[in-house]
Amino acid sequence: MAQPADVRYSKEHEWVKVDGDTATIGITDYAQNSLGDIVYVELPKVGSQVEKSASVGVVESVKAVSDLFTPVGGQVIEVNAELDGDPALVNREPFGSGWMFKLKLNGTDQTDGLLSADEYAELTQE
Amino acid sequence: MTTQERMAKRTPLHEQHVRLGARMIPFGGFDMPVQYSSILKEHEAVRRRAGLFDLSHMGQFILTGENVPAWADELTSNAVGTMKLGQARYNIFTNERGGALDDVIFYRPADRWLLVVNASNADKMWTHLNAHAANAGVTLTSLHGRNALIAIQGPKSVQMLSPHTGVDVDSLKYYFCAEGHVYGKRAVIARTGYTGEDGFEIFLDGADAAHVWDQLLADNEGGGLIPAGLGARDVLRLEAGMPLYGHELTEEITPVQAGLMFAVKLSKPSFVGKPALEAQKAADDYARIVGIVMDGRAPAREGYSVFLGDRRVGEIRSGSIAPSLQNKHIATALVEKEAAAPGTPVVVHIRGTAYGAQVVPLPFYKRSQ
């Protein structure tokens, strides 16, 4: 699967798409593929404040529990409720309907230090 | 790279796994496939059609000598001496406390006994057997790492295997074995498994394994046979309520606690640990293995605490999603007697939050026949 070019990536394999002061966050195709069948996603509470790089939830596959980090900080304004009943959406459409949560960003320049699609592709090919 | 990964041995089917794109993990000293396509897809194939497993990491020991039955009866909780020719039987090697050194299967093809032990316990068991074999009139031979073991498991196993063997696998009874050939290669075929489905385990010389594996997959691709890894195997066995050594059964968790009384013959005159097991059974105050179904969608995992009200009564020993139970999350737990009755509402603590669950009878899944 090609890396979408209009999003930024973290080294922890999350992606973030910024639109004005709103950020949508999910995990990458590489991440879902490494995890295997995803059976549960625990997301941050709507209204909560999260710090850039903080652990804000978990993603569980059949075999493993992994931390979910947020690549940017802000206030959680929405979580993907579909994932509660169908966590495998993350496997099927990691960059689409498998998104995880949305934030109202704290300030600007939050994507500094995050990777471009090309840089992320290089990271995951190592 | 860890020492374990560096030291991992390869089964005779290693090349096959790599070619099939398996994700490999170190397990029991071997580099083993945990999944090929997806654990859930492989699980589904075994429940509906069939899956093919490489179990060559398991320890295979040959026991010969007239004294084998009496000797083995002294070291294990189940009966060996009453096994008929061609029979297979689940058994447990016990310690003085009644704990399990390993859970195993004895097979009795003509003129010898085949003992299959867990990969993780193979070295320990080889040492244990040898320590007791001196002057016992028993000869031990290890085929561990040399022989192969391929399992075909699922409702289509008979129709997929029978055209390629002279053994009448359709008539072979559950927990019996026969010697013959598969694709022209000498084999012991046993109607045993660890998935809760019908199926066969095929013991082969390591050199013959790749041929049989490749042929079975090629001839049954249309029927839906796919390779299945250790990940699917663990989900399948847990749904079927089968213990996994190190989880439901350990040197501390006895077969009485694990609910394996069918494999504990207290009527035998003696065996290692019998007095301890007798006393434990009679006292009936021991912590025991139960089935747990989570109310919600959060998975229970090994080590999580189980509470009855606000009292901690035990811990989760295995946990998984259960595709055969509408994707509910199931688990086994070792809990105090007061919390063990089916229907008991309990609470599982997951990352500091309490989640409701219920104690249920084992197994979770039983195939319809």
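**Ground rules**

I am working on a predicted model, where local features need pLDDT of at least 70, side-chain atom pairs count only at pLDDT 80 or more, and totals for chains, interfaces and linings use all residues. Residues are numbered from 1 along each chain as its sequence is written, while chains are lettered from A and ligands numbered from 1 in the order in which they are written.

**Chain A**

I noted four helices and nine strands in chain A. My helices (H or I, at least four residues) and strands (E, at least two) are DSSP runs, numbered from the N terminus. Along the sequence, the pattern of chain A reads β-β-β-α-β-β-β-β-β-α-α-β-α. Chain A has a radius of gyration of 13 Å, close to the 14 Å from the globule rule for 126 residues, so it is as compact as a globular protein of that length. I take that radius over C-alpha atoms, and the rule is 2.2 Å times the number of residues to the power 0.38. The C-alpha trace of chain A spans about 35 × 35 × 20 Å along its principal axes.

I then checked burial and found that 43% of the 126 residues of chain A count as buried. Buried is the label if 20 or more other C-beta atoms lie within 10 Å of a residue's own, exposed if 12 or fewer, and partly exposed in between, with C-beta atoms placed from the backbone.

**Chain B as a whole**

Chain B comes to nine helices and 19 strands. A compact globule with 369 residues would have a radius of gyration near 21 Å, and chain B agrees because its value is 21 Å. I read about 60 × 50 × 45 Å for the span of its C-alpha trace along the principal axes. Of the 369 residues of chain B, 46% count as buried. Residues 24 or more positions apart make up 64% of the contacts in chain B with a separation of 6 or more.

**A sheet and a hairpin in chain B**

I traced an open sheet of six strands in chain B, with mixed pairing and the order 10-11-12-9-3-13. Its edge strands are strand 10 (177-182) and strand 13 (225-227) of chain B, each pairing on one side only. The twist averages 25° from one strand to the next. I count two strands as paired if DSSP finds at least two bridges between them.

Inside this sheet, strand 9 (residues 147-153) and strand 12 (residues 199-205) of chain B pair in the antiparallel sense over seven bridges. One bridge I looked up joins Ala151(B) to Glu201(B) in strand 12 of chain B. Helix 3 (residues 39-48) of chain B lies across strand 3 (50-54), strand 9 and strand 13 of chain B, and runs at about 115° to strand 3 of chain B. Axes here are lines fitted to C-alpha atoms, for helices over the stretch in contact, and angles run from 0 to 180 degrees between N-to-C directions.

I also followed strand 1 (residues 23-27) and strand 2 (residues 30-35) of chain B, which pair in the antiparallel sense over five bridges. Pro26(B) has Asp31(B) in strand 2 of chain B as its bridge partner. The two strands form a hairpin with two residues between them, and Gly28(B) in the turn has a positive phi of about 60°.

**Where the chains meet**

Which elements of chain B give two or more residues to the side that touches chain A? I found 12 residues of chain B in contact with nine residues of chain A. The elements are helix 3, helix 8 (230-239) and strand 16 (311-322) of chain B.

Helix 8 of chain B is mostly covered, with nine of its 10 residues buried. Among the buried ones are Leu230(B), Arg233(B), Asp234(B) and Glu239(B). The buried residues of helix 8 pack against strand 1, strand 2, helix 3, strand 3, strand 16 and strand 17 (328-335) of chain B. Just after this helix, Gly241(B) takes a positive phi of about 70°.

**One last residue**

I finished with Ala100(B), which sits in strand 6 (residues 100-107) of chain B. Ala100(B) counts as buried because it has 30 C-beta neighbours inside 10 Å.

Conventions:
Contact = placed C-beta atoms within 7 Å.
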